Amino acid sequence: MWVYRAETVVDYSGYSIATRIGGASRTLTRMHADGRWAQGQWALVCLFFVAAIAQAQPTSEALRHAQQLAWKKEFAAAEKAYRAVLRQFPDSRDAKFGLAQVLLWEGRYRDARRLFGDVLGRNSNDLEAAEGMATAAYWQGDFRTAQSEFGAIASAHPNRSFPRQALSEISSAERGDFRAQLDGVRDDQPYRIWRTIATVSSFSDPLTRWDVSAGAYHVNNPTRDARRTEPFATVGNELVFPWQRLTLTTSSGVMRWPDGRTGAIGGVTLKRRLTGNTAIALTAEHRELLTNASSIATHAAVTRLIASWSRYAARSWLAGIEAGRHRYYDRNSGGYAQAYGLWPVANTARTTTWIGASAAARNTDETRFELDAVSSTRIGGRDFAYSYRGSYRGYWTPRDFREARAIVSVETAIGIADVKAQVERGVARDQARAFGPASGTTPLPSGIFSFDFNHTFHPYRLAAGVSVPIASDFRFECGIERNVTSFYAANAVRASLVRHR
């Protein structure tokens, strides 16, 4: 008996394709003395051998071509090439792994993770596939899963550097922050308000952040010689659902209003990331209103329902659209819509300049602009000219408000400081309220009436800010602002000390 073994192993550039003909061995029995039957069997083996090489060669070249496309960052072409190989060889580990890498680099993390999982399912010891699965979770923002999977890899293979690096970055990101902030506004209503607040942030896991804030505010109405200082406190939570691209932010708190009333404040926001730079959000919140001098004598508050879309990318174009509905504490209602867009017109290594525009429309069902005082001056003979002074009671109530602004914004780095400046100028109109009569024969009018008229004005805003590192973990941030609106001009300042642990 003659025993022959036919076995071929083809290896091209690290991709192994093995073909075994006839199992582990084929036993051939010489049935004819002249050996013609054995020669025929040898011819069949050789034929299979050549066919195996012919079949393996294009596969190896196709894989090499797909890999080269991926290295050149021609991801669409690389994906197409890998899928072509998989149609012919659906069990190819290298083609499936290469395709998973391309999808990972394209930002298609869910599909990449599924393919890495298929590879790992065939070989539980495939370390590269395990790292690929963990990386897909990490880049998707699923830090909880990434932390678990990278931790398992690092424990089994302590010499692997990438899992250790990723675990260090995740641990650093969840250490939490501390912020102490002071805001102040002084305007010509006249009105003064400042607020101090301290916030501590911490993580219960890589996807769950908690913010605890406490502070106080001080309001001063010089006209009425009224001053108040009251406390407030809030607890906030941010929960990230990375595979759904959702972020749920909630807050709840309590504060005391200037009139002594204590009540709840808070809100909820559901945000969905559409792309790496764009997102939509829905918000419902109940907040205090302390922007008007007359709010010192009441408990002005508003409940808002808001829908928004935004785009933000560093040193690229920026845009946002927002619309909302307001329900005020005194059962008045209103709505608004606004949008802006900024386009980078100059980019250098350290400075970016944007130009753009914004537009807004606001309306309130009922005005809260009311008469405060009336005075007169004699204008000759027995006639008097009357002057009226009014104010918004509790909060601003725009009527048929329309506005358009031009915007110039600059961000630059000066030494170790980041500096921002923005200038806005526009035109606006609204429906304003006035009082009459304008004159009379008595020192004070015997009857006072109100009337509405179209009012055109030119709002503007000037703002500048700086952020400077003052220690390894601390930054000091401050900003100033000049804001002129339809009924007052205000100067604002803010300063904060931030610690990123």
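This is a predicted model: local features need pLDDT of at least 70, side-chain atom pairs count only at pLDDT 80 or more; totals for chains, interfaces and linings use all residues.
The protein contains 501 residues, of which 37% are buried, and its secondary structure consists of seven helices and 22 strands. Its accessible surface comes to about 27,500 Å², and carbon and sulfur atoms account for 55% of that surface. When the contacts with a separation of 6 or more are considered, 51% of them are between residues 24 or more positions apart.

A series of antiparallel pairings runs through strands 8, 9, 10 and 11. Strand 8, which covers residues 262–273, is joined to strand 9, residues 278–288, by eight bridges, and the two run antiparallel. Strand 10 then pairs with strand 11, residues 318–328, in an antiparallel arrangement with 10 bridges, and here Thr303 stands opposite Arg327 of strand 11. The hairpin of strand 10 and strand 11 has six residues between the strands, and one of them, Arg315, takes a positive phi near 65 degrees.

A further group of strands forms an open sheet, in which three strands are arranged in the order 14-15-18 with antiparallel pairing. Strand 14 (369–378) and strand 18 (439–440) stand at the edges of this sheet, and because each has a single partner strand, one side of each is left without a neighbour in the sheet. The pairing of strand 14 with strand 15, residues 384–392, extends over nine bridges and is antiparallel, and the bridge partner of Phe369 in strand 15 is Tyr392.

Among the helices, helix 2 covers residues 75–88 and includes Phe75. When neighbours within four places in sequence are left aside, Phe75 is in contact with Ala70, Val102, Trp105 and Glu106. Phe75 and Leu99 are 24 residues apart along the chain, and their C-alpha atoms are separated by 9.5 Å.

A cis peptide bond, with omega about 5 degrees, joins Gln189 and Pro190, and Pro190 is placed in the loop between strand 3 and strand 4 (191–205). Another cis peptide bond joins Gly436 and Pro437, with omega about 10 degrees, and Pro437 is found in the loop between strand 17 and strand 18. Positive phi values are also present in residues other than glycine. Arg245, in the loop between strand 6 (226–241) and strand 7 (246–256), has a phi near 60 degrees, and Asp400, in the loop between strand 15 and strand 16, has a phi near 50 degrees. Arg245 has a relative accessible area of 29%, so this residue is classed as partly exposed, and Asp400, with a relative accessible area of 33%, is likewise partly exposed.

The second largest pocket of the model has a volume of about 580 Å³. Its lining comprises 26 residues, and those closest to the centre of the pocket are Glu411, Lys420, Gln422, Gly465 and Arg494. Two or more lining residues are given by each of strand 3 (177–187), strand 12 (333–347), strand 16 (401–414), strand 17 (417–436), strand 20 (460–469), strand 21 (474–484) and strand 22 (489–500). Strand 20 provides the largest share of this lining, with six residues. By residue type, the lining of the second largest pocket divides into 12 nonpolar, six polar and eight charged residues.

Definitions and conventions:
Residues are numbered from 1 along each chain as its sequence is written. Side-chain values use heavy atoms; hydrogens and water are left out. Two strands pair if DSSP finds at least two bridges between them. Helices (H or I, at least four residues) and strands (E, at least two) are DSSP runs, numbered from the N terminus. On a 1 Å grid over the protein atoms alone, a cavity is a set of points where a 1.4 Å probe fits but cannot get out, and a pocket is an open set with protein on both sides within 12 Å along at least five of seven lines; lining residues have an atom within 4 Å of a point. Grid points are joined across faces, edges and corners, and a volume is the space filled by probe spheres set on the points. Ala, Val, Leu, Ile, Met, Phe, Trp, Tyr, Cys and Pro count as nonpolar, Asp, Glu, Lys and Arg as charged, and the others, Gly among them, as polar. Contact means heavy atoms within 4.5 Å. Buried means under 20% relative accessible area, exposed over 50%, partly exposed in between (1.4 Å probe, protein chains only). Accessible areas come from the Shrake-Rupley method with a 1.4 Å probe; for residues, only the protein chains shown count as cover.
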